Amino acid sequence: MNASLNAERRAAELELLAGGEPVDVVVVGGGITGAGVALDAASRGLSVALLERRDLAHGTSRWSSKLVHGGLRYLEHREFGLAWESARERSLLMRTIAPHLVRPLPFVTPLDAGMPAAKATKTQVGLRIGDGLRIGARTPRRVLPPSRRISALEARRLAPALAEAGLRGALLSWDGQLEDDARLVVAVARSAAAHGARILTYAGVTGVREDGVDAVDALTGAPFSVRARRVILATGVWAGELSPGVELRPSRGSHLLVPAGRLGDPRAAVNVPVPGERGRWVFALPRTDGLVAVGLTDVAADGPVPDVPVPSAEEEATLLEHASAALEVSLGPDDVAGRYAGLRPLLADADPAHPTADLSRRHAVVEDPATGALTVVGGKLTTYRAMAQDAVDRITDRPCRTAKLPLVGARATAGAAGAAPPRLVRRFGAEAAAVAALGSTEPLAPGVPVCEAELRWAAEHELALTPEDLADRRTRAGLVPEWREAVLAAAPATIPGWSSVPSQPPTSTTSTS
Ligand SMILES: Cc1cc2nc3c(=O)[nH]c(=O)nc-3n(C[C@H](O)[C@H](O)[C@H](O)COP(=O)(O)OP(=O)(O)OC[C@H]3O[C@@H](n4cnc5c(N)ncnc54)[C@H](O)[C@@H]3O)c2cc1C
């Protein structure tokens, strides 16, 4: 089956489903969890339809820190099972599933005044346990080297903006970094499509029944139904809308994007403990697009779920202050080229007084006794495959295959990515040369790291249906306002037949913004 998703395939498959073609499973939600469930079920041989009310990766899955991490944070909360699951899934992603989208990233934890000896020793012990998990998960040293102590000089070579005064040295450790979280979602969804899954975006589910779902085509406003033996809901922070009995306590996490030059073009991430808060860190993560992501906050986000969350002024000020404390430079609002926030779909615990930072990152699969629908929620981007396996194990005895299944683009065929520019190789892996063949690979405008060929590929193969899909989910130009404008301006002239495509189709399902 073909991994290409586009407007024509969507229209044809929508017609089949709305016309009464039954499927084994309908999956609701096109974030990493829903895409993972669709791939898991389709690769076990089940017939699958996935319905997403906006675009692929429209929700939390595009607002992460883009780390495929080994679960060190969970060790601090004594959640050893979660840490092991993360380390195992990281290993699968980096070795087999998506090695083209995940790279090893060095982390420098400075040993300075903010890191007294006792805390340094505790951190070092944690890193050693992390190394043990890495070895247990069979991640070779050449993929992720072991942690070690380094000199102040070496630390400043890796992260030149680190403050020199009082720096005794640093701890160096390694974790996985995604080129782009939204690209992982698209690659998983296309891999599901290659196994026959029908992937429909702009299809909002309005009701769940025992034998399927009711939905609305957001492009036309037409209602339709899909008949299915089982329903699996993967609607993230929106779970409350269709999943009675699932109680979440969303928390907002925000990042700021700073030009890498301002921090001396670091080659390593810097990790700094937040003074006075157990297990909280601020980090500066170098990205491949010339920006450094400074994060991360953890603020309870009770009340209505916004369509697109934004960082508060207070979070922005706090991040700038904490990051600057460990740096030679003092970051201010003028250094911020872009910003974003996401809502974590955290499962509520018994005590509403617990800070969200202390809530477990575990996932759950919950059955609605009225309809038999399953909801899979919580967890992390890193553990999406395990979450999907748990959910699909509940509806079939057929064995799960995803641990050994490379995503589209993962498997290099001789010379396939050879001649393509590095950005395309990082984002498309083995498909890079095919992308490059579609158009110009020069930047759309000076300083804008997006090319015409990517836009065409997204429309022809990745189900981009609007200029916003291109800017905000396929290329991520949307992270920097000037880059976003360049993509929105280029889209109508670049994509054949798009001169009259409206931006953001009307959504007939209500969002709760
Ligand atoms: C700031 C932040 C940083 C993070 N960093 C990391 C990290 O570095 N590493 C990591 O492993 N994890 C990280 N996470 C966690 C991770 O991002 C999330 O756990 C994960 O993305 C959740 O994915 P999801 O598919 O469950 O939800 P979502 O991505 O939100 O997907 C849910 C989808 O359901 C759709 N939907 C909702 N209602 C309907 C309906 N009625 N009909 C059809 N579709 C519907 C929505 O439009 C949405 O696209 C981070 C989270 C945050 C907030």
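A cavity here is a set of grid points where a 1.4 Å probe fits but cannot get out. The model is a predicted one. By this rule, 7 cavities of 30 Å³ or more are counted.

## The largest cavity

The volume of the largest cavity is about 210 Å³. Its lining is made up of 22 residues, and those nearest the centre are Glu-179, Arg-287, Thr-288, Asp-289 and Arg-427. Two or more lining residues are given by each of strand S6 (169–178), strand S13 (281–286) and helix H11 (422–428).

Sorted by residue class, the lining of the largest cavity holds 9 charged, 9 nonpolar and 4 polar residues.

## The second largest pocket

A pocket, unlike a cavity, is an open set of points. The second largest pocket contains about 310 Å³ of space. It is lined by 19 residues, with Glu-277, Arg-280, Asp-298, Val-299 and Ala-357 the closest to its centre.

Strand S15 (299–300) and helix H9 (313–325) each contribute at least two residues to the lining of this pocket. Helix H9 has the largest share, with 5 residues. By class, the lining of the second largest pocket comprises 7 charged, 7 nonpolar and 5 polar residues.

Note on methods:
Residues numbered from 1 in each chain as written. Predicted model: local features only at pLDDT ≥ 70, side-chain atom pairs only at ≥ 80, totals over all residues. Heavy atoms only, no water. 1 Å grid on protein atoms, 1.4 Å probe; cavity = no way out; pocket = protein on both sides within 12 Å on 5 of 7 lines; lining within 4 Å. Points joined across faces, edges and corners; volume = space filled by probe spheres on them. Helix = DSSP H or I, 4+ residues; strand = E, 2+ residues; numbered from the N terminus. Nonpolar A, V, L, I, M, F, W, Y, C, P; charged D, E, K, R; others polar.
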